[in-house]
Amino acid sequence: MGEIRDISTVCPTTEIFVTEPRTHFDGEKPLYTDYRVVIKTTDIAFHCKESSIRRRYSEFAWLKERLAATAHRHEEEVPFLPPKAIFGRFTAPFVENRRLGLEKFLRGLLSQTVFLSDRAIQLFVQTNLSTSDVDLIVSGKMAYIEEDLSPDDGSEGEEEIDNENIH
């Protein structure tokens with residue numbers, strides 16, 4: 001009789017969602033919008049099997065630029081990001097279209113093995129590290145102990161990720 005194996009180790013899965021856009025204000029003036037990034041995975045490339053962090057568009061743009069060199073070396077193409085905007089970037093339709101575009105961007109990255117195994121992506125989607133800290137860690141100029149850092153999206157207390165509320 002054959003050996004019984006956990007299917008998640010044979011066929012790892014990774015689900016990623018960009019949800020809950022939140023615009024930050026200075027008084028009544030909108031400054032920027034960030035988005036909740038939720039990942040659920042059985043892939044051993046990731047330290048946490050479930051995590052939730054918040055990221056701004058500028059951080060997604062940093063990730064795209066950082067990966068462009070890796071993509072070029074491996075003849076892979078970095079997926080497109082939704083466009084930048086100067087006017088109307090805080091309107092509900094724009095924010096929703098951007099959210100969908102950011103989710104498509106991350107899903108496109110994680111569908112390619114070369115990017116799935118990239119340390120910068122792993123840190124980007126599972127920690128609240130700044131982009132400059134991710135650069136330092138990936139380049140070996142700063143130590144990173146995974147057990148010392150746990151993702152936290154700024155909400156109070158522990159929260160269970162609810163599939164019903166994920167777009």
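This is a predicted model: local features need pLDDT of at least 70, side-chain atom pairs count only at pLDDT 80 or more; totals for chains, interfaces and linings use all residues.
A residue counts as buried when its relative accessible area is under 20%, as exposed when it is over 50%, and as partly exposed in between. With that scale in mind, Asp-135, at 31% relative accessibility, counts as partly exposed.

- Three strands form an open sheet in the order E1-E2-E3, and their pairing is antiparallel.
- Strand E1 (14–26) and strand E3 (50–56) stand at the edges with a single partner strand each, so one side of each has no neighbour in the sheet.
- Direction ignored, neighbouring strands of this sheet are turned against each other by 20° on average.
- Strand E1 and strand E2 (residues 29–41) pair in the antiparallel sense over 11 bridges, and Phe-25 has Pro-30, in E2, as its bridge partner.

**Helices against the sheet**

- Helix H3 (residues 92–110) packs on the sheet, where it touches E1 and E2, and its direction makes about 145° with that of E1.
- Helix H5 (residues 119–126) lies across E1, E2 and E3, and runs at about 90° to E3.

**Salt bridges**

- Side chains of opposite charge can pair when their charged atoms come close.
- A search of the whole structure finds 8 salt bridges, and one of them joins Glu-20 to Arg-36, with the closest N and O atoms 2.9 Å apart.
- Because Glu-20 lies in strand E1 and Arg-36 in strand E2, this pair ties together parts that are 16 residues apart in sequence.
- Within this pair, Glu-20 counts as partly exposed at 38% relative accessibility, whereas Arg-36 counts as buried at 5%.
- Arg-55 and Glu-59 also meet through their side chains in a salt bridge, at 3.1 Å from N to O; Arg-55 is buried, with a relative accessible area of 1%, and Glu-59, at 17% relative accessibility, counts as buried as well.
- Another salt bridge is formed by the side chains of Asp-135 and Arg-66, at 3.0 Å from N to O.
- Asp-135 lies in helix H6 (residues 131–138) and Arg-66 in helix H2 (residues 57–74), so the pair ties together parts that are 69 residues apart in sequence.
- Arg-66 counts as partly exposed, because its relative accessibility is 22%.
- Salt bridges that share partners also join Glu-96, Arg-99, Glu-103 and Arg-107 into one network.

Notes
Residues are numbered from 1 along each chain as its sequence is written. Side-chain values use heavy atoms; hydrogens and water are left out. Two strands pair if DSSP finds at least two bridges between them. Helices (H or I, at least four residues) and strands (E, at least two) are DSSP runs, numbered from the N terminus. Axes are lines fitted to C-alpha atoms, for helices over the stretch in contact, and angles run from 0 to 180 degrees between N-to-C directions. Contact means heavy atoms within 4.5 Å. A salt bridge is a side-chain nitrogen of Lys or Arg within 4 Å of a carboxyl oxygen of Asp or Glu. Buried means under 20% relative accessible area, exposed over 50%, partly exposed in between (1.4 Å probe, protein chains only).
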